[in-house]
Amino acid sequence: MSIDLNILIGGAAGQGVHSITLPLAKALMRQGCWVLTSQSYQSRIRGGHLFNQVRLSDRRLVSSREGVDLLLALNQETVTLHQGELSSRGFIIYDAAEVKEVPASVPSLGLSPESLLPGAKERAEIAVNAGACGAVLGLLQAPLDSMLALLQESFGDKGAEVVEWNVQAATKGYEAGAAQKYGLSLSGISPPPEPRLLISGHEAMALGALAGGLQFISGYPMTPWTSLFNAIAQRSGRYNVLVEQAEDEIAAINLAIGASYTGARSLTGTSGGGFCLMTEGLGLASMTETPLVIVNSMRPGPSTGLPTRTSQGDLAFVLYASQDDSPRAVLAPGTPAQGYALAAKALNLADRYQLPVFLLTDQYFADTQFTLLPGEFPEVEVDRALAGGPGSGTYERYAYTENGISPRRLPGFGPELVVADSDEHTPDGHLTEDLQVRIKMHDKRLRKLKTMVQELGGITTSGDPAAPLTLVCWGSSQGPVQEAVERLQAGGTPARMVHLSELWPLPAGAVTAALEGTKKLVVAEMNANGQLNRLLRQETGLQADHLVLKYDGAPFTPEYILRELSNVA
């Protein structure tokens, strides 16, 4: 029998929801399950309702889903808000000190801190967090060994006493869970033959940027970009990366431009509201042809919007931000493996074409953890694309070339004077008011896109390649759309997915070829106006027959997409 179980862990910020989620997910993965975790949280340090979901299966998972099979409640609000989502095999595990009422029609297990760690009221949070992990494993008849090993790894540096508290609570919780009856058992699942990774999109992007030779990162904290900033900062010493937390986003982008001008591989990032402040710097990087990677981790807006929710509403913003026609590339990974590869590719593209490269992410992509195999992360190459060889008279930093790419030398690494100017300039970098030079220089910069598009593709497909129904998506929508297509196929409706991760310059020929044979074109994206659909129409002439849009701040689910498609003739 196929296993597909959804666990929802809910409480208030500060109650330990994450303290349960991560060890439980890791223990289940080590046991042999494919695990996917997702987060939903409010913009608060303490209080407010937050919940994580741990979905587990005996097959690969690509998306979170709706419905709750096990509800793990740390407060009464969690029961009140989510009891209506319980499935036919719903079961509630709850903190008996905080939850006073559960539905009589739903089987449940109350965990008392006193019973988990007798005589230790001051350690109640430890008791419930570790005890809940053990109770879930006991209920599912999964071995406790992997959880105990994780507790040792996690708390070993805090002393033997803390480890013992957690082990005792987990063991007591396991015994309580094992005494219950539940209709699903993991006893038949065995540990995988090779190690697996539980990794989020931003963690994978951080590793990809480091593998791609990142040397400098600057930024100002802003959810959900901050998790990527932190992931790189935590590894900066090992990889010799200079990290600068700037006073604001204006300083952040200008610091990154300065570092790049001197030769450092540079990255900066923010979320939509912060990127508003970066647009002048974006123009500076474009005019001076300075390589730069910018991460925009999108969230619903305008203004500060919903700070901790997810969105795909900034595609049009990054395509057209800054003054006049300024070239840039736009990439949007859909999976952690794509995030790893595209972070490294963005650094190469920025150096090779001497322009800004955007990486678009969002909260769902940033925080959702997928189970992946180490071999799914590709080898990356570092291409600095710097000019070499002896100098020959006056160095023309912005020399006219057929492909728009001028030889780039670094200041201080040769006898040539490297001149850069934010005004329009001559090939050797000096300010000019010559209007014919202006035309030639502007055309030179724009020719880069015609060259770059030849090495872009980023098209992922799944489903029936001959199906008349095609769902097109981009960025983090890949997993939910892919699973929706799988369910359509299983139900006898031929369908296919076409996911785009390299959006600008749009490889129009490759996209048109991928959509050949489509009779019913559906574009799914998390914004209100169908921004990808507009881009497709602009660049290929293709237009969706139906839009599946979502902009409430919650991510797509396969069920939501299928409900929207039920009205498509």
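Which residues does L70 touch, not counting residues up to four places away in sequence? In this predicted model, L70 is in contact (heavy atoms within 4.5 Å) with L5, N6, I7, L8, F91, V136, L139, L140 and Y182. The model is a prediction, in which local features need pLDDT of at least 70 and side-chain atom pairs count only at pLDDT 80 or more, whereas totals for chains, interfaces and linings use all residues. Residues are numbered from 1 along each chain as its sequence is written, and side-chain values use heavy atoms, with hydrogens and water left out.

L70 belongs to the largest nonpolar core, which has 51 residues. A nonpolar core is a set of buried Ala, Val, Leu, Ile, Met, Phe, Trp, Tyr and Cys residues joined through side-chain atoms within 4.5 Å. Buried means under 20% relative accessible area, exposed over 50%, and partly exposed in between (1.4 Å probe, protein chains only). The members that touch the most other members are I7, L28, V35, L56, L70, I93 and L186. Helix 4 (residues 124-139) supplies the largest share of this core, nine residues. Helices (H or I, at least four residues) and strands (E, at least two) are DSSP runs, numbered from the N terminus. A second, separate core has 41 residues, including L319, V472, L521 and L532. In soluble globular proteins, nonpolar side chains tend to be buried together.

Charged side chains were examined next. With a salt bridge taken as a side-chain nitrogen of Lys or Arg within 4 Å of a carboxyl oxygen of Asp or Glu, the count is 24 salt bridges. One of them joins R55 and D4, with an N to O distance of 2.7 Å. R55 lies in strand 3 (residues 47-57) and D4 in strand 1 (residues 4-13), so this pair ties together parts that are 51 residues apart in sequence. Both R55 and D4 are buried.

Another salt bridge, at 3.0 Å from N to O, is formed by R563 and E66. R563 is in helix 19 (residues 558-565) and E66 in the loop between strand 3 and strand 4 (68-73), 497 residues apart. R563 is partly exposed, at 43% relative accessibility, and E66 is also partly exposed, at 29%.

In the salt bridge between R408 and D351, the closest N and O atoms are 3.3 Å apart. R408 lies in the loop between strand 14 (369-372) and helix 15 (435-452), and D351 in helix 13 (residues 336-353), so parts 57 residues apart in sequence are tied together. Both R408 and D351 are buried. Salt bridges that share partners also join D4, R55, R59, R65, D69, R89, E483, R487 and E559 into one network.
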